[in-house]
Amino acid sequence: MESGSENDSSAVNLPECDAMNASAQQEHEAFGPDQFTYEAGEVELPDLSERVSPDTMEPLNKYQPFYNKASSSRICFWPVNFEGHVVENVSEVDARVRDEAIDQMRKDELAESKLGNVTVFRELVVPEDSKSDTKTHVYYMFVDDVWITVINHGGGGEYNFSALDGVVAANPELVQLP
């Protein structure tokens, strides 16, 4: 799978990480990038698993067969406080893959809502480790051929709307909000 917007056949512009999620980027910068072990920015999936908790990887692993069918994809990582991080995956998928992923999320009984032409699923991943009370909030958003996944593990903000803003800024034709 080709990563980034370099894919000439791609009709979707994948935003660079610093423009992908302004809320995560701002929180990362406000906390102090020099405070973190890992830098914010684009990351490949194998490297991501070294940086984040199993609770963060669970949603990505669960839907990996669908992510693997994306024609282009970009994963970004932001540490946002000492215990929290945000991961966002923006993928271009064809209608068949999108519909299969949505069907699977419905089978998994994730909470579903609509925002204009955006289909949104959300789930809460509660850690199995009873010593940790950090919850992971996950949003899956589908708009036309774009699948946005936002994983907020212990971050202080709401990152899902900022994620949608970043993709729409790069692809203004995607969203028609009420």
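Trainee: How many aromatic pairs does the structure hold?

Mentor: Seven aromatic pairs. Rings of Phe, Tyr and Trp (its six-membered ring) pair if their centres lie within 6.5 Å; planes under 30 degrees apart are stacked, over 60 edge-to-face, the rest tilted. This is a predicted model, where local features need pLDDT of at least 70 and side-chain atom pairs count only at pLDDT 80 or more, while totals for chains, interfaces and linings use all residues. Residues are numbered from 1 along each chain as its sequence is written, and side-chain values use heavy atoms, with hydrogens and water left out.

Take Tyr63 and Tyr140. Their ring centres are 5.3 Å apart and the planes meet at 80 degrees, so the pair is edge-to-face. It links distant parts of the chain, 77 residues apart. Tyr63 sits in the loop between helix 4 and helix 5 (64–67), Tyr140 in strand 7. Helices (H or I, at least four residues) and strands (E, at least two) are DSSP runs, numbered from the N terminus. Tyr63 is buried at 1% relative accessible area, and Tyr140 is buried at 0%. Buried means under 20%, exposed over 50%, partly exposed in between (1.4 Å probe, protein chains only). Ring pairs also link Tyr67, Phe121, Phe142 and Trp147 into a cluster.

Now helix 4 itself. Thr56 lies in this helix, residues 54–62. Thr56 counts as buried because its relative accessibility is 0%. Its side chain makes a 2.7 Å polar contact with that of His85. A polar contact is a pair of N or O atoms within 3.5 Å; within protein, one must be able to donate a hydrogen and the other to accept it, and residues adjacent in sequence count only if both atoms are side-chain atoms. Beyond four places in sequence, Thr56 touches His85, Val87, Thr136, Ile151 and His153. Contact means heavy atoms within 4.5 Å.

Tyr159 is in the loop between strand 8 and helix 7 (160–170). Tyr159 is buried at 2%. Its side chain makes a 2.4 Å polar contact with the side chain of Glu27.

Asp144 lies between strand 7 (136–143) and strand 8 (146–153). Its phi is near 50 degrees, a positive value in a residue other than glycine. Most residues other than glycine have a negative phi. Asp144 is partly exposed, at 38%.
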